[in-house]
Amino acid sequence: MKKITKYVIADILRNKIVLAYTVFLWIISFTVFNLENNATKGLLSLLNIVLIIVPLVSIVFATIYVYNSSEFIELLVSQPLQRKKIWISLFAGLAGSLSLAYFVGAGIPILIYALSSTGLIMLLMGLFLSIIFVAIAMLAAVITRDKAKGIGISILLWLYFSLLFDGLVLFILFQFQDYPLEKPMLLLSGLNPIDLGRILILLKMDVSALMGYTGAIFKDFFGTGIGFSIALLVMLVWIFVPVWLSARRFCRKDL
Amino acid sequence: MIFATNVSKRFGKLNALNNVSVNCVKSECIALIGPNGSGKTTLIKCILGMVVPDSGFITFNEKNISHDWTYRKHIGYMPQIGRYPDNMTIGQVLKMMIDIRKDNQQTQLDEELIQSFGLDGLMQKRMCTLSGGTRQKVSASLAFLFNPDVLILDEPTAGLDPVASEILKEKILKEKQKGKLILITSHILSELDDLVTQIIYMQDGHLLFHKKLEDLKQSTGEEKLSKAIANVMLKK
């Protein structure tokens with residue numbers, strides 16, 4: 001299993017797109033931190049980039065990569081290897097290299113300019129989001145044989161998580177504004193890893209006061225050690241469930 | 001060695017395999033013959049575990065293949081259309097396959113085909129720049145490389161030049177004498193004449209017959225395999 005992961009990582013690191021992604025993150029992070037003297041303001045600007053660009057690049061790149069390595073997968077399946085292991089290695093290779101790209105591109109500038117608990121949380125959330133969206137991409141890629149359809153599905157999923165979901169939440173809030181919705185909001189936020197990441201970072205920034213009463217509830221919950229651990233657990237669930245579902249499906253797929 | 005029992009597979013509306021049962025035993029060279037789309041490749045892919053049958057089961061050395069994936073280390077497979085990662089060179093592909101299969105006991109590598117095909121001079125070439133024939137040579141070399149007990153060759157000589165296909169035939173004969181089980185599909189029947197010992201004939205996903213070559217020749221009264229098969233096809 002390690003061997004296959006090694007080949008996947010070696011192949012991806014030679015890929016110019018991942019290099020360009022790293023350089024892009026690197027340039028953005030340095031620009032943002034040098035524009036402002038205040039590192040927290042820099043982090044706030046970087047937040048939106050992390051929450052939008054990182055999931056987008058991870059999901060689209062991973063989907064395309066899985067489709068493009070269909071030859072490689074076919075070659076491996078006829079060898080004495082377990083299918084599940086082939087799939088997990090592919091995931092590990094993709095998640096590993098994209099996390100590495102994020103760590104080098106955005107993580108190192110954060111560590112240099114904003115070495116605080118906020119910065120560390122942002123670093124952690126970026127890594128989580130990279131891995132989660134690779135996992136979701138694997139699921140999208142295994143569902144359909146058609147490459148164009150697969151990429152379409154993953155872009156739609158990204159759109160759902162980064163835009164549509166918030167719209168739905170707002171809609172629910174307005175429809176049921178006569179009811180106390182603070183507790184259900186906690187639950188809803190767990191249904192979207194991007195939102196969860198945003199909340200965890202914003203809470204550390206002490207701008208949660210801007211979020212009103214719901215913000216106070218969030219602070220009450222995620223501010224504690226238990227709440228934070230639960231949030232991390234939810235993030236892990238977001239990794240394992242798509243990977244497990246896609247691996248199950250891959251094991252039964254005809255190649 | 002390989003027993004398939006009532007294997008069925010549907011692709012949507014197409015019935016690719018319909019209750020196919022075959023017994024393949026050691027030191028036989030079996031030809032899988034049938035018109036295009038008769039399910040030959042699907043049967044081979046079922047044996048390799050690349051396609052999962054809807055019903056029925058396949059055993060390899062008395063072990064059901066759906067629970068046990070290690071049996072594939074006894075198989076060398078040459079696909080009909082070899083697809084390899086485009087940005088790897090021939091050398092890298094070979095090295096990777098050796099690396100992946102190395103932990104098996106078979107340390108003895110059979111590099112005879114690599115030499116006789118002259119692939120050692122092309123090691124630096126990328127897979128995407130190769131011609132169809134050279135790709136076939138790589139597939140063939142990979143299939144024989146690990147000295148497997150079973151060889152499954154899907155249209156091995158399609159796309160090979162006469163010299164190369166002669167080399168490959170020689171190699172197949174040599175392996176057959178070592179007592180290996182060899183499964184070949186081909187449409188060039190004249191080629192199979194001096195290779196095969198048994199014939200499996202398939203049509204529309206059905207297995208029509210599985211006979212010894214002599215029996216087939218006797219029952220049709222023909223000397224050549226191609227004529228015998230033509231005889232069978234006309235009768236249907």
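This is a predicted model: local features need pLDDT of at least 70, side-chain atom pairs count only at pLDDT 80 or more; totals for chains, interfaces and linings use all residues.
**Entry 1: the sheet of chain B**

I began with chain B, where six strands make an open sheet of mixed pairing in the order β6-β7-β8-β3-β9-β10; a strand is a DSSP run of E with at least two residues, a helix a run of H or I with at least four, both numbered from the N terminus, and two strands pair if DSSP finds at least two bridges between them. I noted that the edge strands, each pairing on one side only, are β6 (75–78) and β10 (206–212) of chain B. From one strand to the next, I found that the twist averages 15 degrees, with axes being lines fitted to C-alpha atoms (for helices over the stretch in contact) and angles running from 0 to 180 degrees between N-to-C directions.

Residues are numbered from 1 along each chain as its sequence is written, and chains are lettered from A and ligands numbered from 1 in the order in which they are written.

**Entry 2**

Helix α4 (residues 132–145) of chain B lies across β6 and β7 of chain B and runs at about 175 degrees to β6(B).

**Entry 3: where the chains meet**

I then turned to the contact between chains, where 17 residues of chain B are in contact with 16 residues of chain A, two residues being in contact if their C-beta atoms, placed from the backbone, lie within 7 Å. On the side of chain B that touches chain A, helix α2 (residues 90–101) of chain B gives the most, with four residues.

**Entry 4: chain A**

Which elements does chain A have? I found 11 helices and zero strands in chain A. Along its principal axes, the C-alpha trace of chain A spans about 60 × 45 × 30 Å. Among contacts in chain A between residues at least 6 apart in sequence, 79% join residues at least 24 apart.
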